[in-house]
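Take a look at the model below before you read on. Then follow the points one topic at a time.

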Amino acid sequence: MEHIRIPKVENVRMIDRYNSKNSIVGTLYLTATHLIFVDPIANKETWILHMHISNVEKQPLTTTGSPLLIRCKTFLSVTFVIAKERECHDVYTTLSKLYQPVSYQNLYCFQYTSSTEDLQKCAGWDYFKLESEFKRMKVPNDEWQLCKMNKGYELCDTYPNQFYVPNSVDKAILLGSSRFRSKGRLPALTYLHPNKASICRCSQPLAGFSARCVEDEQLFVKIRKNNPNSNILYVVDTRPRMNALANRAAGKGYENELFYENTKFHFLGIENIHIMRASLQKLIETCEQKSMSGFLSALESSGWLKHIRSMLDTSYFIANAVYKGISVVVHCSDGWDRTSQVCSLASLMLDPYYRTIKGFQCLIEKDWLSFGHKFSERCGHLSTDPKEISPIFTQFLDSVWQMMQQRIDAFEFNERFLLILHDHVMSCQFGTFVGNCEKDRLDLKLCEKTFSLWGFMANHMNEYLNPLYKPGEVDDILVPNLAPQCIKFWRGMYSRFESGIHPREDVSDFLLASKEHCSSLDEHVQHLTKRIGNLKNLISKSAKKLQTNGANLLQNATGRADNKFNYDNKKLSELQSADHDHPLNPLKSESYCFSNLSVSDNNSEEVDQITAEINSVALDWKSLRSATACQCSTPFSQEMKKTHCWRCGEIFCTRCIDKFIPLPGHHSKKLVPVCRACFKLVTTISP
């Protein structure tokens, strides 16, 4: 709070960048974590997390005030015009100190406290273990073993403390290879296919123009021989050949083919972090174009889609080689940017497990978090060298989205899942992506002091489901279509805050709501069917009891009649007296009538319970299109998820529908989302 020089500014105009005449006058608030603009007329709030801000720019003074342009890592761009220049300067100074802290301890995750009691701080930190993921791939085995030389991060401080290497290698080979590789990042297993072909990752060798390392060469031989189906090994250098040649002058470079037998080398031309950073900047400028020709020419000039295609092309080359039984070793310069991109994308193409929500999270844990992608530097979490910032993870998510557009049925998750993941990588609200490697996260004690993103996402899993997912109908390898016409601009990511360019309702949201509604009704039908079956059994048992009792009474009465009367006209009065005891006499059979088929004395309570079960499930759900604002008066926007209450059928924002409870009228009694009012009602009625 000591950095906030001015907590509140009134009469601030927020300008629509597509229409400068369309401005909103409101109040600007500065808190320790957010910048909040309140529109009093529309009762709308615009929240900007400080950690999402990528740049704050003071623009030239105008007749209406001092403009302040704020660009965000979530691709929100907003301009505030502040009447007094002094107030504008105070806001600018405050934001400059808050959006890029100087130390890890000032990050949002260390101050964040969950707004709900359902999310525990420990939740999510133990969801994924590297050993468990490799056990799923049946590692360790006869070919691969667990390396424990990095227990104290002495061998390589940016690798996990345990990783897998060929069984037949000794410590001398591993130590020699580590010394020969940039940052000590020696070849380590990251994916093993059932056909025994593998993907290993490392960094560039310190070869210069003539240096060699016998231990490194021996390690490559061991990797090749671990695959009995092929006598060759591919080495994929993701850099352009010219870049690799330039690195030789600095004593690095690439492997000499003469020293690595039965090995084929491939340069696949993905550009470096500086080219990617410049490309993203041009893409952001592209989104601000107002004309069709301007947009198309700027999009081509940015080269963004070309870079995305290059990543998919390289990843498919690796995946196809492994699918055909050839092992691959992948590296770039230091092995934590382009290597993470293509290794994870290739694994995604090869393994359907990684296309599930849990599997995708596990893939990120393995190839990005454990093997040391520099999230804090690449995402600009701290005040650091701006040349280290680059959209590496954003490009990875974009590539996944491209494959989802081509094979939507192959992925369990939807677009919102990728957007939430992207935004929280940038937000530092959770400690999952803070730091540059596994060692950093242990030193910061993030699992003790911060919340996990995976724990948060587990409580909102129904928001990320793809209703078109068909897990049983996937190919052995997912082949991306790399034709230029198939690589698309991701409007949902880069232009998601622009009004007027999106459909009224997202198709996946509409399908998911329909699927959930059908699921609720199906659960209700199953419950009612079971109820009806139970009632039929009770009626059947009571009817049999009535029939038995009636038959006994009839038999006794008939016996008395036969002995007592001869059915002549003289004894008609006596016959009428016998009829008084007949079981079908209304007075005698009153206690055996159908209306009194009861197995308990609590009929009224039973009826009330059945009525409550019937009323606990909404038969009609409100249409998504008809909902413009939540009952808390928060207007629905493109990026805000609309969620139905399964009990009343009304639509709420995610903040107002944070309760989950089993409904009495559902067969499986699984937890479903309900609004707060229905939650109180169900918990009060339920026994």
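The model is predicted. The protein chain holds 21 helices and 18 strands. Of its 687 residues, 50% are buried. Among contacts with a separation of 6 or more, 68% join residues 24 or more positions apart.

**The five-strand sheet**

- Five strands make an open sheet, in the order S10-S11-S14-S12-S13.
- The pairing in this sheet is mixed. In general, strands of a sheet pair through backbone hydrogen bonds, and the pairing can be parallel or antiparallel.
- Which strands sit at the edges? They are S10 and S13 (263–267), and each of them pairs on one side only.
- From one strand to the next, the twist averages 25 degrees.

- S11 covers residues 198–201.
- Its side chains point two ways: Ser198 and Cys200 go one way, and Ile199 and Arg201 go the other.
- On one side, S11 pairs with S10 (residues 188–192). The two run antiparallel and are joined by four bridges.
- Leu192 has Ser198 of S11 as its bridge partner.
- S10 and S11 form a hairpin with five residues between the strands. In this hairpin, Lys196 takes a positive phi near 80 degrees.
- S11 also pairs with S14 (residues 327–331). Here the strands run parallel, and three bridges join them.
- Ile199 stands opposite Val328, and Arg201 has Val330 as its bridge partner.

**Strand S14, between S11 and S12**

- In the sheet order, S14 comes between S11 and S12.
- S12 (residues 233–237) runs parallel to S14, with five bridges joining the two.
- The bridge partner of Asp237 in S14 is His331.
- How many residues of S14 are buried? Five of its five residues are buried, so S14 counts as mostly covered.
- Both faces of S14 are covered. Ser327, Val329 and His331 lie on one side, with Val328 and Val330 on the other.

- Helix H9 (residues 338–350) lies across S10, S11 and S14.
- H9 runs at about 165 degrees to S11.

**Helix H10 against H13**

- H10 (residues 357–370) packs with H13 (residues 415–427) at an angle of about 30 degrees. Their axes are 12 Å apart.
- The crossing of H10 past H13 is right-handed.
- H10 brings Ile357, Phe360, Gln361 and Ile364 to the contact. H13 brings Phe417, Leu418 and Leu421.
- By class, the residues of this contact are six nonpolar, one polar and no charged.

**Helix H10 against H12**

- H10 also meets H12 (residues 392–406). Their axes come within 14 Å and cross at roughly 145 degrees.
- H10 passes H12 in a right-handed crossing.
- On the H10 side, the contact uses Phe360, Ile364 and Trp368. On the H12 side, it uses Ile392, Phe393, Phe396, Leu397 and Val400.
- This contact has eight nonpolar residues, no polar and no charged.
- Phe360 and Ile364 of H10 take part in the contact with H13 and in the contact with H12.

- Arg86 lies in helix H1 (residues 85–98).
- Why does Arg86 count as exposed? Its relative accessibility is 53%, and the cut-off for exposed is over 50%.
- Arg86 and Ser66 are 20 residues apart along the chain. Their C-alpha atoms are separated by 9.0 Å.

Key
Residues numbered from 1 in each chain as written. Predicted model: local features only at pLDDT ≥ 70, side-chain atom pairs only at ≥ 80, totals over all residues. Heavy atoms only, no water. Axes fitted to C-alpha atoms, helices over the stretch in contact; angles between N-to-C directions. Left-handed = near helix turned anticlockwise from the far one by under 90°. Contact = heavy atoms within 4.5 Å. Nonpolar A, V, L, I, M, F, W, Y, C, P; charged D, E, K, R; others polar. Buried < 20%, exposed > 50% of the residue type's maximum accessible area, 1.4 Å probe, protein only. Pairing = 2+ DSSP bridges.
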